Amino acid sequence: MNIVLLGPPGAGKGTQGERIASRLGIPKLATGDVLRAAVTAKTELGLRAKAAMERGDLVPDSVILGIMKEALAEPAKAKGVVLDGVVRTVPQAEGLARVLGELGRQVDAVLLFEVGEDELVRRLSARTTCEGCQAPYTGREPGTACDKCGGKLVRRKDDEPEAIRSRMKAYREQTEPVVAWYEHRARTSDDAKARDHNGPRVVRLNALGDIDEITKIVMKGLGK
Ligand code: AMP
């Protein structure tokens, strides 16, 4: 199963993505994690992405398509993958359909995490993230140790107020149209029935609730 997680920053895609991936026994791919690792390692990819990331802007589609292409061809991902924050623009959604199509696969489900912007700003401003394993924490001071791996908790540069505002703007302007793109695809392929692929199932989630409850709803929405 290839599953796309869509939703604004801070909506809980990462946390739920881990859970869904482990329950389905498939890996997760988060472009944000790939890019942060590249920035830390100062690779060419990292150098290309760093400034845009720190401002809270999106990195160019070509960069993301390169990461998608390489990662999705890995044998470990042949059975399926949970894509967290990987699709953030319509050209990326089109590119993903193409890359998966070349591998004889398709997007099976799109999970849309919905939360109001005030709540997101509140969550992101209180968030620290492990430098090592990227685990997020709410209300824990920078400099303290990660419960999972012992790494140091830091405030991500893009969790500063100005960058948060840019990320919300990028979501509204560039990612929200992706939701309509997938919904249209789901509808037209349902109606037409005779297509060379089925459209994805689009599941809307109220991402404000209890973490366990959301996981249950997600699994049900996926028919599991
Ligand atoms: P995230 O960890 O998902 O919040 O991503 C952190 C940052 O990485 C984003 O604010 C973007 O600058 C960049 N990024 C991650 N994924 C993408 C993507 N699919 N398209 C464009 N930029 C991305």
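How many of the five residues of strand S1 (residues 2-6) are buried? Five of the five are, so S1 is largely enclosed by the rest of the structure. This is a predicted model. The protein chain has eight helices and eight strands. Its radius of gyration is 17 Å, close to the 17 Å that the globule rule gives for 224 residues, so the chain is as compact as a globular protein of that length.

**Overall build**

- Along the principal axes, the C-alpha atoms of the protein chain fill a box of roughly 55 × 40 × 35 Å.
- Of the 224 residues in the protein chain, 44% are buried.
- Take the contacts with a separation of 6 or more: residues 24 or more positions apart account for 67% of them.

**Surface and charge**

- The protein chain exposes about 11500 Å². Carbon and sulfur atoms supply 50% of that area.
- There are 37 positive and 32 negative side chains in the protein chain. The centres of the two sets lie 2 Å apart.

- From S1, Asn2, Val4 and Leu6 point one way. Ile3 and Leu5 point the other way. All of these residues are buried.
- S1 pairs with S3 in the parallel sense, over four bridges. Asn2 stands opposite Val81 in S3.
- S1 is also joined by four bridges to strand S4 (residues 109-114), and this pair runs parallel. The bridge partner of Leu6 in S4 is Leu112.

**The S6-S5-S7 sheet**

- Three strands form an open sheet, in the order S6-S5-S7. The pairing is antiparallel.
- Why is one side of S6 and of S7 left without a neighbour in the sheet? Strand S6 (136-138) and strand S7 (153-154) stand at the edges, each with a single partner strand, so one side of each has no neighbour there.
- Strand S5 (residues 127-130) and S7 are joined by two bridges and run antiparallel. Thr129 has Val154 in S7 as its bridge partner.

**Thr89, in a loop**

- Thr89 sits in the loop between strand S3 (81-84) and helix H5 (90-102).
- Is Thr89 buried or exposed? Its relative accessibility is 6%, so Thr89 counts as buried. The cut-off for buried is under 20%.
- Leaving aside neighbours within four places in sequence, Thr89 is in contact with Leu58, Asp61, Gln174 and Val178.
- Thr89 and Leu58 are 31 residues apart along the chain. Their C-alpha atoms are separated by 9.2 Å.

**Gln92, in helix H5**

- Gln92 has its place in helix H5.
- At 2% relative accessibility, Gln92 counts as buried.
- Which residues does Gln92 touch, not counting those up to four places away in sequence? They are Asp61, Ile64, Leu65, Met68, Val86 and Val87.
- Asp61 is in contact with Thr89, and Gln92 touches Asp61 as well.

Conventions:
Residues are numbered from 1 along each chain as its sequence is written. This is a predicted model: local features need pLDDT of at least 70, side-chain atom pairs count only at pLDDT 80 or more; totals for chains, interfaces and linings use all residues. Side-chain values use heavy atoms; hydrogens and water are left out. The radius of gyration is taken over C-alpha atoms; the globule rule is 2.2 Å times the number of residues to the power 0.38. Buried means under 20% relative accessible area, exposed over 50%, partly exposed in between (1.4 Å probe, protein chains only). Contact means heavy atoms within 4.5 Å. Accessible areas come from the Shrake-Rupley method with a 1.4 Å probe; for residues, only the protein chains shown count as cover. Lys and Arg count as positive and Asp and Glu as negative; His and the chain ends are not counted. The place of a charge is taken as NZ of Lys, CZ of Arg, CG of Asp or CD of Glu. Two strands pair if DSSP finds at least two bridges between them.
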